[in-house]
Amino acid sequence: GPLVMLGFGGIYVETLKDVAFALPPFSTETARELVDGLQLRPLLDKVRGRPAVDVNAYCAAAAKLSQLAARLADVISEIDINPLILGTDGCVAVDALVSGHCQSGSPT
């Protein structure tokens, strides 16, 4: 079944393996607990003159994605959103790849 991975992406995933996994669907509160457990979590706060990013928007987006993944698990085999850019007032998915199941059951 579906599984959602949250993390900083890119080289951080490859080198630090700093990710969290959860079975969908999950709530915004659960997403927040997952994000708060990441090693790099302090980088989302105000650091060295950089403003804090909107962690709540990220968590809400993750929860909504988890609900979508749960609802469409029979037709979607994979969703990859990268990058998802966090700003001070929200977040935006810049690129995404969605793979589905063929009628034979193999991914497309």
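## Cysteines

Cys91 counts as partly exposed, at 28% relative accessibility; the category lies between buried (under 20% relative accessible area) and exposed (over 50%), with a 1.4 Å probe and protein chains only as cover. The model is predicted: local features need pLDDT of at least 70 and side-chain atom pairs count only at pLDDT 80 or more, whereas totals for chains, interfaces and linings use all residues. Residues are numbered from 1 along each chain as its sequence is written, and side-chain values use heavy atoms, with hydrogens and water left out.

The structure holds zero disulfides, a disulfide being a pair of cysteine sulfur atoms within 2.5 Å. Cys59 is in no disulfide, and the cysteine sulfur nearest to it, that of Cys91, is 9.2 Å away. Cys91 is likewise in no disulfide, its nearest cysteine sulfur being that of Cys59. Cys59 is buried, with a relative accessible area of 1%, while Cys91 is partly exposed.

## Salt bridges

Three salt bridges are found in a search of the whole structure; the criterion is a side-chain nitrogen of Lys or Arg within 4 Å of a carboxyl oxygen of Asp or Glu. Arg32 pairs with Asp36, the closest N and O atoms being 3.3 Å apart. These two residues are four residues apart in helix H2 (residues 28–36), and are therefore separated by about one helical turn. Helices (H or I, at least four residues) and strands (E, at least two) are DSSP runs numbered from the N terminus. Both partners are partly exposed: Arg32 has 27% relative accessibility, and Asp36 has a relative accessible area of 40%.

Asp36 also forms a salt bridge with Arg41, at 2.9 Å from N to O. Arg41 in turn meets Asp45 in a salt bridge, with an N to O distance of 2.9 Å. Arg41 counts as buried, at 10% relative accessibility, whereas Asp45 is partly exposed, with a relative accessible area of 34%. Shared partners join Arg32, Asp36, Arg41 and Asp45 into one network of salt bridges.

Ala31, Leu34 and Val35 are buried in H2. Viewed down the helix axis, the buried residues of H2 fall within an arc of 95°, so they line one face of the helix; the arc is taken from the directions from the helix axis to the C-beta atoms. In general, an α-helix has 3.6 residues a turn, so residues three or four places apart point the same way.

The cover over the buried residues of H2 includes S1, strand S2 (19–22) and helix H3 (55–71), with contact meaning heavy atoms within 4.5 Å. On the face of H2 turned away from its buried side are the exposed residues Glu29 and Glu33.

## A nonpolar surface patch

Leu3, Met5, Phe21 and Leu23 make a nonpolar surface patch of about 450 Å². Patches are made of residues with over 30% relative accessible area and no salt bridge, joined within 9 Å for like charges and within 5 Å for nonpolar side chains (Val, Leu, Ile, Met, Phe, Trp, Tyr). Accessible areas come from the Shrake-Rupley method with a 1.4 Å probe; for residues, only the protein chains shown count as cover. Met5 has its place in strand S1 (residues 4–7) and is partly exposed, with a relative accessible area of 45%.
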